[in-house]
Amino acid sequence: MKKMVLTVMVLAMGTFAMAQKTPMTPEKKAEMLKQKETKAQEHLAEMQKELQLNATQMDQLRALHEKRKAEGKKQMEKNKEARMQKKGDRMQKMKEREAEMKAILTPQQFEKWQAQKQVKRQQMKEKMDKKGFKEMDRQKMEKK
């Protein structure tokens with residue numbers, strides 16, 4: 001029984017420890033990119049050693065690696081444009097809904113409705129702060 005309780009406690013603590021999320025700083029991001037590039041170079045060196053690749057084959061592998069990297073960046077940019085388009089569509093719909101509400105409500109009701117929306121936004125910000133969202137993420141949400 002004691003072993004079972006101890007096992008459950010260890011698993012629970014491990015789960016909570018993994019759930020902790022640290023914010024990504026520009027320094028950490030740069031370090032991660034550097035590590036990623038280093039690992040790629042190590043992988044190529046390991047392939048050369050294990051497969052006994054010649055210089056021509058290594059050059060071809062490096063070119064293939066660069067090509068894949070460029071395709072990935074291109075795809076990311078394409079996805080970024082799509083996300084920005086969706087954001088613009090959401091903003092347009094939000095403005096349309098607000099205009100419809102303004103047409104339906106009296107000026108006093110509309111002001112009260114906007115105040116309620118602002119209170120809900122503030123509550124959401126506080127909730128996000130409790131969950132540990134980064135300041136930068138909160139600023140992005142405020143811009144919306």
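**Basis.** I worked from a predicted model, where local features need pLDDT of at least 70, side-chain atom pairs count only at pLDDT 80 or more, and totals for chains, interfaces and linings use all residues. Residues are numbered from 1 along each chain as its sequence is written, and side-chain values use heavy atoms, with hydrogens and water left out.

**Helix H2.** I took helices as DSSP runs (H or I, at least four residues), numbered from the N terminus. I looked up the ends of H2, residues 26-51, and found their C-alpha atoms 37 Å apart. This agrees with the 38 Å that its 26 residues should span at 1.5 Å a residue (the expected span is 1.5 Å times one less than the number of residues). Just after H2, I noted a positive phi of about 55° at Gln52.

**Salt bridges.** I counted a side-chain nitrogen of Lys or Arg within 4 Å of a carboxyl oxygen of Asp or Glu. The count is three.

I found Lys69 paired with Glu37 at 3.0 Å, N to O. Lys69 is in H3 (residues 55-104) and Glu37 in H2, so the bridge ties together parts 32 residues apart in sequence.

I found Asp59 bridged to Arg62, with the closest N and O atoms 3.7 Å apart. Both lie in H3, three residues apart, about one turn of the helix.

I found Lys117 and Glu98 joined at 3.3 Å, N to O. Lys117 is in H4 (residues 107-131) and Glu98 in H3, so this pair links parts 19 residues apart in sequence.

Key:
Helices (H or I, at least four residues) and strands (E, at least two) are DSSP runs, numbered from the N terminus.
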